[in-house]
Amino acid sequence: MKRVLRLLPALAVILLAVVGPLFAAHSSTEPVTAPYALPGPGTPLGGDQVGRDVLSRLLIGGRDLMIASALIAVIVTGLAAILGAVAALRPRLGAVIEQTADLLILLPVALGIMVIGVAWPGSGRIPVIVAAIVLGTPFAFRVAAAAAAPVAASGFVEVASARGERTLSLVIREILPNLRATLLTLLGLRFIEAVYVVATASFLEVGAQPPTADWALMIRENADGTLLNPWAVLAPSLAIAVLTVSVSLAFDVLTPQARNRMVTRL
Amino acid sequence: MAERLRSSRTAALVAVLLLRRMALLVVLLVMTFLAVEILPADAARATLGFEASPAELAARRRQLGLDQPVAVRFLHWMRGLATGDLGVSARGRQVWDIVGQPFQNTLVLGALALVLTVLAALALGSLAVLRPGKLLDRGVRSLSTMILTLPEFVVANGLIVVFALGLHLLPSVTVTSSSGKPASPAMLVLPILALAMRQIGWNTRIVRSALAEQLPAPHVDSAIMDGLPRHRILIHYMLPGALPTIAAGVATSVGMVLGGVVAVETIFNFPGIGAVLVEAIRNRDAPLVAAVVALTGLVITVVLMASDLVRAWAVGRKP
């Protein structure tokens with residue numbers, strides 16, 4: 001019961017971001033009040049830099065961030081799981097991906113996103129999603145490969161391999177089912193990392209473009225009016241904070257781990 | 001004899017490790033050069049504007065060396081890098097003149113953020129591991145998990161609202177003096193905090209678990225039996241063994257800090273390399289973008305090498 005309670009915040013935020021657009025009272029692109037107007041009747045969080053309703057934009061601006069992050073997290077975790085399991089069976093491939101990870105450490109994600117995002121013809125979220133997958137997979141691969149190695153060395157995989165099963169079948173039927181706990185943790189971590197990357201990209205104006213309602217972009221656009229209507233910046237900041245913190249708490253609860261294994265000794 | 005053989009083998013292994021890091025840096029430079037190469041608009045067009053005539057464009061291309069094959073330009077650029085010459089920007093200025101001072105500013109900002117991170121992470125991680133499972137330990141662990149999920153620009157906005165707009169304690173905007181440096185040290189405080197917060201969360205977790213792994217070690221055991229004071233056990237018996245893991249964690253943080261500066265410098269209007277990058281990308285200034293990535297990659301490579309050396313040293317010390 002306590003576990004369910006700790007899952008609730010994350011479920012509530014995700015639900016709110018997904019169905020939020022249905023509850024937006026005003027348009028996300030048309031001004032309804034004065035620029036940086038303080039909260040008043042009809043606009044509980046006031047207006048933004050051109051007088052658009054902050055609450056409506058807040059309700060609309062989380063969905064794309066959530067969908068993009070979830071997409072990145074699922075693809076990165078899936079790729080890392082398959083590559084990690086294959087690498088555990090075929091060490092030579094593992095070494096190649098390991099090199100890639102060591103290479104990409106040298107390129108901080110924010111820099112990589114900007115270079116790839118700008119080199120991509122056209123703009124929008126697609127290049128950000130592609131960049132996040134390319135830059136994120138090698139790191140997730142390391143985790144998956146480390147977890148897959150002992151499973152690949154175990155007796156039942158050897159038996160299945162001796163039976164003449166192909167690599168793909170070994171990966172899907174023998175190895176991946178035994179990595180559930182690791183992959184669930186990985187999915188949670190990759191989702192939080194994806195939110196970080198997608199939001200930072202939007203904040204740096206790579207990705208979501210004005211006048212789209214987007215939490216990170218709202219923070220960037222309204223920064224100059226923080227004194228006039230603090231809610232225009234505070235509300236989307238809090239939204240992102242609540243999203244990442246609640247999701248990380250939820251995955252903490254979901255993953256079975258050896259808690260407090262350590263005995264009090266000191 | 002065996003001792004000397006082992007140490008020379010360790011030295012060879014370390015040399016291979018370091019050479020591999022250098023090789024990876026070169027690969028990164030090739031990839032960056034190629035990625036910037038496929039930018040849709042070229043630098044000649046970006047600097048001349050859309051009204052430029054074809055003849056003007058061709059002249060500017062020749063001036064920037066854009067009419068030569070990619071391989072020639074890359075070799076030329078690499079040769080310059082080796083001698084500290086970063087080349088000429090798309091606007092015809094020496095890249096080092098544009099990048100030099102901001103790069104130093106960013107290094108100061110990043111180094112201070114890193115020092116704060118290491119101190120805070122060591123303190124919090126040690127406090128937590130001394131009381132495993134107690135309220136303080138659980139508090140430190142939950143708090144560090146929460147902080148580490150927050151993007152820098154969200155933390156930065158929180159800090160600005162509280163310390164600059166609410167309490168009027170610290171400036172929220174960096175003013176650049178005529179020397180190209182931030183005008184006062186107080187202007188560094190909020191950017192440092194914004195950068196360090198996420199890294200403190202990340203490293204506190206690493207320090208705590210690295211120290212906790214040392215608890216069952218036999219020499220720690222006997223130190224506890226001997227009734228040595230806690231801080232002595234922590235510093236002299238547990239920390240040395242935990243050091244390689246902690247060093248690797250801090251090395252990873254260097255990359256994250258150098259990524260984080262892009263957003264943090266944008267918010268605080270800090271005259272650093274992040275601001276240069278944003279401007280360079282807006283202008284499709286290929287040599288400038290490549291220089292920023294090269295300098296960042298170089299710093300990270302050096303730090304990773306240092307962390308490799310710490311690990312080699314720690315392994316060599318083991319009986």
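**Helices, core and contact**

Analyst: This is a predicted model. Chain A has 11 helices and 0 strands, and its pattern along the sequence is α-α-α-α-α-α-α-α-α-α-α.

User: Why is the set around L277(B) called a nonpolar core?

Analyst: The term applies because such a set holds buried residues of listed types, Leu and Val among them, joined through C-beta atoms within 7 Å. The largest nonpolar core has 168 residues, and L277(B) is one of those with the most contacts inside it, as are I113(A) and V289(B). Helix α10 (residues 230-268) of chain B supplies the largest share of this core, 18 residues.

User: How do you know that L277(B) touches residues of chain A?

Analyst: Contact requires C-beta atoms within 7 Å. L277(B) touches L111(A) and M114(A), along with V262(B), V289(B) and V292(B), leaving aside residues up to four places away in sequence.

User: Which residues make up the contact of the two chains, and what classes are they on the side of chain B?

Analyst: Chain B gives 49 residues and chain A gives 39. On the side of chain B that touches chain A, α10(B) gives the most, with 11 residues. That side has 35 nonpolar, 13 polar and 1 charged residues.

User: What share of contacts in chain A joins residues at least 24 apart?

Analyst: The share is 70%, taken among contacts between residues at least 6 apart in sequence.

Notes: Residues are numbered from 1 along each chain as its sequence is written. Chains are lettered from A and ligands numbered from 1 in the order in which they are written. This is a predicted model: local features need pLDDT of at least 70, side-chain atom pairs count only at pLDDT 80 or more; totals for chains, interfaces and linings use all residues. A residue is buried if 20 or more other C-beta atoms lie within 10 Å of its own, exposed if 12 or fewer, and partly exposed in between; C-beta atoms are placed from the backbone. Helices (H or I, at least four residues) and strands (E, at least two) are DSSP runs, numbered from the N terminus. Ala, Val, Leu, Ile, Met, Phe, Trp, Tyr, Cys and Pro count as nonpolar, Asp, Glu, Lys and Arg as charged, and the others, Gly among them, as polar.
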